[in-house]
Amino acid sequence: MKFRKKPVVIEAFQMTQERRADNNEWPAWLNEAWNKAWPEPGAVSSEDYPNSNGKDRLVIYTLEGTHHVSWGDWIIQGVRGELYPCKPEIFAATYEPA
């Protein structure tokens, strides 16, 4: 059987080294995830916590485990508020501006 993905609108933010070092462009939902207690699902933290220098990559805690966010990855907020990383080439093939 074949299936087509239902059209949904998601929130997304592309993480770069510059945006990691200066979070003033982060959307409110990503700042909220940063302030969640680890390991609450949807929590975002630094990869080197508690020894972070503010330049390390981010990690997202999900029900499926911990996911690393590489530079250039998109962080997606899904339809139920869940967060997960997405590689740029997959993002470009799957999503378009709404």
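D56 and R20 form a salt bridge, with their closest N and O atoms 2.9 Å apart. This pair links distant parts of the chain. D56 sits in the loop between β2 and β3, while R20 belongs to helix α1 (residues 17-21). The two residues are 36 residues apart. Both D56 and R20 are buried. The model is a predicted one.

## Other salt bridges

How many salt bridges does a search of the whole structure find? The search finds four.

Another of them joins R57 to E47, and here the closest N and O atoms are 2.6 Å apart. Both R57 and E47 lie in the loop between β2 and β3, so this pair ties together parts that are 10 residues apart in sequence. Are these two residues buried or partly exposed? R57 has a relative accessibility of 26%, so it counts as partly exposed. E47 is also partly exposed, with a relative accessible area of 30%. The cut-off for buried is under 20% relative accessible area, and exposed means over 50%.

K87 and D73 meet through their side chains in a salt bridge of 3.3 Å, N to O. K87 comes from the loop between β6 and α3, and D73 from the loop between β4 and β5 (74-77), so the contact ties together parts that are 14 residues apart in sequence. The accessibility of each partner can be given in turn. K87 counts as partly exposed, at 37% relative accessibility. D73 counts as buried, at 3%.

## The three-stranded sheet

Three strands make an open sheet, ordered β2-β3-β4, with antiparallel pairing. Why is one side of β2 and of β4 left without a neighbour in the sheet? Strands β2 (44-46) and β4 (65-69) stand at the edges with a single partner strand each, so one side of each has no neighbour in the sheet. From one strand to the next, the twist averages 30°.

The pairings can be taken one by one. β2 and β3 (residues 58-62) run antiparallel and are joined by three bridges. S45 has V59 of β3 as its bridge partner. β3 and β4 also pair in the antiparallel sense, over five bridges. Here T62 has G65 of β4 as its bridge partner. A hairpin of two residues joins β3 to β4.

## Strand β3 and its surroundings

Which part of β3 is buried? Four of its five residues are buried, so β3 is largely enclosed by the rest of the structure. Strand β3 also takes part in the second largest pocket, where it gives the most to the lining, with three residues.

## The second largest pocket

This pocket has a volume of about 210 Å³. Its lining holds 14 residues. Nearest the centre lie T62, L63, E64, E82 and L83. T62 is also the residue whose bridge partner in β4 is G65.

Which elements each supply at least two residues of this lining? They are β3 and β6 (83-86). By type, the lining of the second largest pocket divides into six nonpolar, four polar and four charged residues.

## The largest pocket

The largest pocket has a volume of about 360 Å³. Its lining is made of 15 residues, and V8, V9, I10, Y95 and E96 are the closest to its centre.

What is the make-up of the lining of the largest pocket? It divides into 10 nonpolar residues, one polar and four charged.

Notes: Residues numbered from 1 in each chain as written. Predicted model: local features only at pLDDT ≥ 70, side-chain atom pairs only at ≥ 80, totals over all residues. Heavy atoms only, no water. Pairing = 2+ DSSP bridges. Axes fitted to C-alpha atoms, helices over the stretch in contact; angles between N-to-C directions. 1 Å grid on protein atoms, 1.4 Å probe; cavity = no way out; pocket = protein on both sides within 12 Å on 5 of 7 lines; lining within 4 Å. Points joined across faces, edges and corners; volume = space filled by probe spheres on them. Nonpolar A, V, L, I, M, F, W, Y, C, P; charged D, E, K, R; others polar. Buried < 20%, exposed > 50% of the residue type's maximum accessible area, 1.4 Å probe, protein only.
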